[in-house]
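Thanks for coming, everyone. Let me put the structure up, and then we'll walk through it.

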Amino acid sequence: MAPTIPGFDYRRVPVADGVALNVAVGGSGSPIVLLHGFPQTHLMWRHVAADLAADHTVICPDLRGYGASDKPAEGTHGTAYAKRTMAADVVGLARALGHERFALAGHDRGSLVAFRAGLDHPRAISHLACLDTLPTLDMWQVMHGTGAAVGFHLYLMAQPPGLPEQMIAATADAFFGHFLDAWARDPEAIPAGIRAAYLDACRDAVPSIVADYRASATVDVAHDQADRDAGSLLRMPVTVLQQDWGAALGFDAAALWRAWAPDLRHTTVTCGHFMAEEAPAQVAAELRDLLSR
C-alpha cells in the first residue's frame, strides 16, 4: 500500500472540468493548505501536517499532474499547467471543503502555485508562505553563467514537447532520484519507503511534470510580467524560507521577494532543499508564527 499521512482522511475532490485532486485532510480549526514540490507528493508535509493538525484544519493535496491527482493533457497553449490554472484548483479545493478563506504554504513548485494564488485570489488567501523558491519571473532573471547549471532541469523541461519527455521517461528513476539525492543535506529525512513512493509517482507522471515546468518558461512568465507591470503586490502577511542561493548565484533573495510582498519575513535556513522533511519543527514553527500575524 502507498504511504499516507497517519490520522488524515483521504478523498478525491473535483476542482475543474475533468480534474479531481487527491487530498489528505486532518485536524480542526482555522484552515491551512500545504502544497508540495518536485519531485514529491503531498507526503512531503507528513511531519509538518501532523504538527499543525493539533489546532488547524490541514489540507494536503497532490497538485494536478502529480501523485494520485488527475493529469490532464497539456493542450496546445500550455494553460492546463499554468500556475494560474493550478492556483484556481487550490481555491476550488478549499471552497469545496467549506473554506472561502485560508492560509496557504507551498514548497518548490507548490510555492509557485501559492504565489500565483496570492496574486489572483487575494480575498481567499489570508497568509502566504513560500519555501525555497523565487517567483518565476525573478528565477529566470537570476539564472546566468555557469552557476545556472544547477538548474539544468529547468532548461531541459522548457523545450518543446517530445524530446524532454522521451529523455526523462527513459531514465525516470535516475532523473528524479538525482534531485532527491543532490538537494537533501540529510538523506535520512527521506526514508526508503517515502523515496519509493516519490519515484513511483513521478515515473507515472512524466508528461504532466514536464508540462508544469514548460509552463514556467512560457505562460507563467507572461502572467508574472503582467502583474509586475501593473504593480500588483501580495497584500497578505508573507513568510519566505530559503537556502542561501543568492550567495551562490549573486542575488539578494529578500530584496527580490520584498518587491512583491511588503509584509515580508524572510529567513535563510541551514537545512537542505527538502526543509519540511529535514527541519519539520522549524517549518511548523515558522508557519505558526506566520498565522499569528
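Start with Asp 108, found in the loop between strand E5 (102-107) and helix H3. Helices (H or I, at least four residues) and strands (E, at least two) are DSSP runs, numbered from the N terminus. Asp 108 has a phi near 55°, a positive value in a residue other than glycine. Most residues other than glycine have a negative phi, and most peptide bonds are trans. Asp 108 counts as buried because its relative accessibility is 10%. Buried means under 20% relative accessible area, exposed over 50%, partly exposed in between, with a 1.4 Å probe and protein chains only.

A word on where this comes from. This is a predicted model: local features need pLDDT of at least 70, side-chain atom pairs count only at pLDDT 80 or more, and totals for chains, interfaces and linings use all residues. Residues are numbered from 1 along each chain as its sequence is written, and side-chain values use heavy atoms, with hydrogens and water left out.

Next, Asp 132. It sits in the loop between E6 and helix H4 (136-142). Asp 132 is at 6% relative accessibility, so it counts as buried.

Now a peptide bond. Phe 38 and Pro 39 are joined by a cis peptide bond, with omega about -5°. Pro 39 has its place in the loop between strand E3 (30-35) and helix H1 (46-52).

On to H3, which spans residues 109-120 and holds Arg 116. Is Arg 116 buried or exposed? It counts as buried, because its relative accessibility is 2%. What does Arg 116 touch? Not counting residues up to four places away in sequence, the list is Lys 83, Arg 84, Ala 87, His 223, Asp 224 and Asp 227. Contact here means heavy atoms within 4.5 Å.

What pairs with E7? Strand E6 (residues 125-131) runs parallel to E7, joined by 4 bridges. Leu 128 stands opposite Val 238 there. E7 also pairs with strand E8 (residues 264-268), in the parallel sense, over 5 bridges. In that pairing, Val 238 stands opposite Leu 264. Two strands pair if DSSP finds at least two bridges between them.

Leu 290 comes in here. It lies in helix H14 (residues 280-291). Leu 290 counts as buried because its relative accessibility is 2%. Leaving aside neighbours within four places in sequence, its contacts are His 127, Leu 128, Ala 129, Pro 237, Val 238 and Thr 239.

One more helix: H9, residues 206-215. Of its 10 residues, 9 are buried. Among them are Asp 212 and Arg 214.

Finally, the whole protein. It has 14 helices and 8 strands. Buried residues make up 59% of the 293. The C-alpha atoms fill a box of roughly 45 × 45 × 40 Å, taken along the principal axes. Of the contacts with a separation of 6 or more, 75% are between residues 24 or more positions apart. That's my tour; over to you.
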